[in-house]
Amino acid sequence: MKNHNAPLTSRLPISKRILITLLVLISVFVFSTNRLVDYNENTFSFVRVETPGNFHWQECIPSVENVECGSIVVPKDYFNPDAGVATIALAKYKAKKSPRKGSVFVNPGGPGGPGALFVIASGSNLAKVIGDEWDIVGFDPRGIGSTRPATRCFSSLLENAVFFANTVIEQGITVSSISNLSSVLLYDELVEQHRQFLALKQAQAELCRKNMGDELKYMGTATVVRDIDFMSKALEGEDTKINYWGGSYGSILGAYLVNMLPRRIGYAVIDGIADPVNWSSDCEPSHKWPINWVSDAEKTYKLFLEDCSKAGPSLCPLTRYKDEPWQNLERRFEDFFDATARKPIPVPFGNRPGYLTSGGARGFLEVVLQRPAGWPLAAEVYSSAMAGNATQLYNLFIYRLPLPYRVDLTRLAVTCLDSPRPESLESFPTAESLTEQGLKSLREMSPHFGLSTGISEPDGGCQYWPVDGPERFTGPWNATLETKMLIVSNTADPITPMSSGILVNSLMPDSSVLVIQDGPGHTSFAMPSLCTAKLQRRYFAGDIPQNGTLCPVDVKTFPDEDSERSLQALSREDQELVDALKEIGEGLMHARFGFHE
Ligand SMILES: *[C@@H]1O[C@H](CO)[C@@H](O)[C@H](O)[C@H]1NC(C)=O
Ligand SMILES: *[C@@H]1O[C@H](CO)[C@@H](O)[C@H](O)[C@H]1NC(C)=O
Ligand SMILES: *[C@@H]1O[C@H](CO)[C@@H](O)[C@H](O)[C@H]1NC(C)=O
Ligand SMILES: *[C@@H]1O[C@H](CO)[C@@H](O)[C@H](O)[C@H]1NC(C)=O
Ligand SMILES: *[C@@H]1O[C@H](CO)[C@@H](O)[C@H](O)[C@H]1NC(C)=O
């Protein structure tokens with residue numbers, strides 16, 4: 001998160017500026033990939049025969065050190081050869097050490113995160129964690145990024161951005177006050193907002209039906225698992241095992257992968273675990289998943305407030321004095337959310353004119369909790385908003401052009417195929433039942449954020465989705481693996497709680513180990529931990545950690561002179577690793593949302 005009021009790139013460190021330039025260039029590249037491929041191969045062959053299994057690598061354009069870009073042709077539908085082909089965009093950070101051990105396929109989450117771009121931006125850092133004897137292969141999953149066909153429900157980026165502007169999808173649901181969850185007034189307000197939500201979802205789905213139709217059928221997680229298998233066989237040979245690293249939604253893809261194809265799996269790491277049983281269950285359509293995700297949100301929130309208070313007002317302006325009771329800070333936040341619910345804050349001079357709602361302010365706080373590296377800046381931004389200037393806060397989360405890569409309904413294109421089909425439209429929720437569910441989540445899971453996941457994870461509305469996929473995987477989740485899978489969970493992850501890591505581990509007690517990182521944030525990369533990183537590094541070298549290993553983090557949430565000094569006391573190699581971990585953390589956030597920085 002950064003101040004967006006200065007020209008975007010001028011305030012960023014050089015590496016960020018390069019990244020952003022890259023992203024812009026890549027989005028140009030995206031739309032010309034096929035042509036480039038044709039021209040670079042046989043000049044005289046005007047018809048390119050796209051046979052599944054064909055792949056090619058070339059320099060990325062623009063070139064990136066030690067990274068090759070490419071694509072591979074795969075069957076569009078693994079159960080119907082007549083459906084034609086899809087082309088998966090790839091980027092490979094090449095092994096530097098020999099003997100080369102093989103490929104590790106990576107997924108940065110989302111769903112909707114473009115893995116090829118993630119490797120282009122973060123490959124050299126990932127190699128410090130995974131090991132430089134591996135090729136690190138990022139791929140844009142079906143429907144996403146430069147993979148074709150791409151999800152294009154909207155006919156233009158402008159239409160896409162305008163559709164979301166100032167809606168309950170962009171700003172999230174406003175809970176006028178959490179002080180009385182039995183209030184009739186609150187109930188009515190929530191129903192009204194959910195009516196808008198459902199109408200928007202229906203409109204989205206109708207656009208997708210018209211502009212995409214059957215092309216939407218092949219974007220579910222089970223199909224992506226088949227792609228990984230197919231790609232691994234094509235790139236590494238029939239019998240070579242699949243190695244995998246996935247964070248956030250990448251943990252869902254990873255859980256599907258190892259349970260669908262247990263005998264194919266070599267090394268697998270999943271980090272920031274979402275519950276795959278709930279995600280895939282026939283009884284849990286996607287609008288129900290978030291209840292489970294926020295069970296550690298309160299714990300993370302309390303850490304944020306406590307750490308802020310301990311840091312004092314010079315580092316965290318949300319506290320009035322050092323060691324102020326954290327409950328005071330919490331109360332000021334609630335007063336702010338309540339006041340904003342009564343009177344949304346006009347933002348005439350944001351990156352786009354508009355207004356900040358209470359739902360937006362609260363929903364973005366749930367996103368902030370996912371990334372402790374951004375807490376000092378978030379503290380400033382929320383302080384300004386509480387003082388009446390919401391420009392920075394608004395700028396941080398609105399959809400705005402050019403929408404470089406959080407494009408279109410890629411997330412929904414995946415989740416609606418993983419979600420069970422409704423038996424009838426009526427079997428899915430009404431605005432009233434979504435309201436009941438939201439109130440239940442506020443009462444039982446997280447009083448502050450039980451209804452606030454929509455702003456970052458806008459699922460639901462799959463009753464309107466126009467297609468079914470060729471396949472849904474619903475378990476079992478107790479596969480036996482030759483090499484144990486490494487599961488990483490944080491003690492305070494506000495969107496993928498530790499209980500989900502424990503669940504996946506308990507379903508595969510002899511085929512997985514759980515490593516716990518003792519700190520806040522979403523995925524282990526949210527806060528650098530040399531311990532977690534080195535365990536992952538050794539894992540990919542064949543050394544499986546003890547189940548239950550607890551790893552500390554190596555930075556403070558509000559860095560001060562002491563914490564800076566202790567970082568400087570580390571060896572140069574460890575300092576570089578800490579920097580790499582920080583950058584991976586940012587890269588993951590970019591890949592998931594595209595709206596930070
Ligand atoms: C909460 O709202 C309900 C229904 O509107 C009302 O009956 C009740 O008195 C309220 N409770 C408090 C503590 O204000
Ligand atoms: C999904 O999660 C919800 C909320 O925790 C729970 O009530 C439900 O039983 C879970 N369903 C499955 C199939 O795991
Ligand atoms: C609000 O904050 C923005 C960004 O920090 C700043 O540019 C602007 O001048 C502020 N507006 C007012 C009215 O203070
Ligand atoms: C795995 O789970 C399935 C379904 O719950 C069960 O039928 C099967 O026996 C289990 N397999 C093992 C090896 O435990
Ligand atoms: C692994 O360790 C965790 C944390 O100590 C524990 O909760 C879990 O039960 C252990 N798993 C197995 C399979 O023993």
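The model is predicted, with local features needing pLDDT of at least 70 and side-chain atom pairs counting only at pLDDT 80 or more, while totals for chains, interfaces and linings use all residues. Residues are numbered from 1 along each chain as its sequence is written, and side-chain values use heavy atoms, leaving out hydrogens and water.

Me: How many disulfides does a search of the whole structure find?
Reply: A disulfide is a covalent bond between the sulfur atoms of two cysteines. Here the cut-off is a pair of cysteine sulfur atoms within 2.5 Å. Number the bonded cysteines in sequence order and the pairing reads 1-2, 3-4, 5-6, 7-8, 9-10. The search of the whole structure gives 5 disulfides.

Me: Is the disulfide of Cys 153 and Cys 208 right-handed or left-handed?
Reply: The two sulfurs, of Cys 153 and Cys 208, sit 2.1 Å apart. Cys 153 is in the loop between strand E5 (134-139) and helix H4 (157-164), and Cys 208 is in helix H6 (residues 184-211), 55 residues apart; helices (H or I, at least four residues) and strands (E, at least two) are DSSP runs, numbered from the N terminus. The torsion about the S-S bond is about 105 degrees, so this disulfide is right-handed.

Me: Are Cys 416 and Cys 462 buried or exposed?
Reply: A disulfide joins Cys 416 to Cys 462, S to S 2.1 Å, and its torsion of about -85 degrees makes it left-handed. Cys 416 lies in helix H16 (residues 410-418) and Cys 462 in the loop between helix H17 (431-444) and strand E10 (485-492), so the bond ties together parts 46 residues apart in sequence. For the labels, buried means under 20% relative accessible area, exposed over 50% and partly exposed in between (1.4 Å probe, protein chains only). Both Cys 416 and Cys 462 are buried.

Me: What does Cys 531 count as at 25% relative accessibility?
Reply: Cys 531 is bonded to Cys 551, S to S 1.9 Å. At 25%, Cys 531 counts as partly exposed.

Me: Which helices do the buried residues of H16 pack against?
Reply: H16 is mostly covered, with 9 of its 9 residues buried. Among them are Arg 411, Cys 416 and Asp 418. Taking contact as heavy atoms within 4.5 Å, these buried residues pack against H6, helix H7 (221-236), helix H8 (249-260), helix H9 (276-280) and helix H10 (289-293).

Me: Are H4 and H6 roughly parallel or roughly antiparallel?
Reply: H4 and H6 have axes 12 Å apart and an angle of about 165 degrees. Axes are lines fitted to C-alpha atoms, for helices over the stretch in contact, and angles run from 0 to 180 degrees between N-to-C directions. Angles under 35 degrees count as roughly parallel, over 145 as roughly antiparallel, 65 to 115 as roughly perpendicular and the rest as oblique. H4 and H6 are therefore roughly antiparallel.

Note on methods:
Chains are lettered from A and ligands numbered from 1 in the order in which they are written.
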